[in-house]
Amino acid sequence: MRLLIVEDERKMADYLRQGLTENGFVVDVARDGIDGQHLALTGEYDLIILDVMLPGLDGWQVMQALRQAGKVMPVLFLTARDKVEDRVKGLELGADDYLIKPFAFSELLARVRSLLRRGKNREPEMLRIADLEVDVFKRRASRGGDRIDLTAKEFALLMLFMRRQGEVLSRSQIASQVWDINFDSDSNVVDVAVRRLRSKIDDNYAPKLIHTLRGMGYVLEARDSNA
Ligand code: CA
């Protein structure tokens, strides 16, 4: 099991690294948000321990970048703050758990183990619908065995659709999940992105997977080709 600790306080980082290594984990440490984000996006980690207050990028920004990139490994936040709104913010962004500093190492270890157990059953590495396959960790999509090249945004959009197959997603839901902003209702950014994605995954294949529901949004599902 490989863990990433993103923590700028050297003593804390060393303490965690030592304790986790003694408990059989392989541990990498990043000392600021930029390094942390880079490692988290490029390495294969089973879990990330992420401090909130970091130089460079804060823990929330790192978290957001990870989830937008489709990285689903569990994240345990470390925070010195004890404010309800901070916890809510982190959980909304996709954090899995919190520890308020100072904490006992035994408590951290228990949370890490519990998150790793949950993480295993949480999401398969491959998401599938019809003959479209998405490898979550390698960030690759293929249809009928053909590799499909996607931009980062297109990949994020496809991940959103794949995770919520059969569910109608409104433009504003898609905008807030994939772009992290709310476009005004006139904006066609979402439509343009969906059209591009659709041309890549649907144009040359059957059955069609992305469907428009007029006035409602979009849905990903495999329908009979005559429908
Ligand atoms: Ca800090």
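Contact, in what follows, means heavy atoms within 4.5 Å. Leaving aside neighbours within four places in sequence, Leu158 is in contact with Leu132, Val134, Ala141, Leu150, Leu197 and Ile201.

Two notes on the source. This is a predicted model, where local features need pLDDT of at least 70, side-chain atom pairs count only at pLDDT 80 or more, and totals for chains, interfaces and linings use all residues. Residues are numbered from 1 along each chain as its sequence is written, and side-chain values use heavy atoms, with hydrogens and water left out.

Back to our leucine. Leu158 sits in helix α6, residues 152-163; helices here are DSSP runs of H or I with at least four residues, and strands are E runs of at least two, numbered from the N terminus. Is Leu158 buried or exposed? Buried, at 0% relative accessibility. The cut-offs are under 20% relative accessible area for buried, over 50% for exposed and partly exposed in between, with a 1.4 Å probe and protein chains only. Across the chain, 45% of the 227 residues count as buried.

Now the calcium ion. Its protein donors are Asp8 (OD), Asp51 (OD) and Met53 (O), at 2.1 to 2.3 Å. Asp8 is in the loop between β1 (2-6) and α1 (10-22), and Met53 in the loop between β3 (47-51) and α3 (59-68), so this pair ties together parts 45 residues apart in sequence. Donors are N, O and S atoms within 2.8 Å of the metal, or 3.2 Å for Na, K and Ca; water is not among the atoms, so sites may look incomplete. Both Asp8, at 30%, and Met53, at 49%, are partly exposed.
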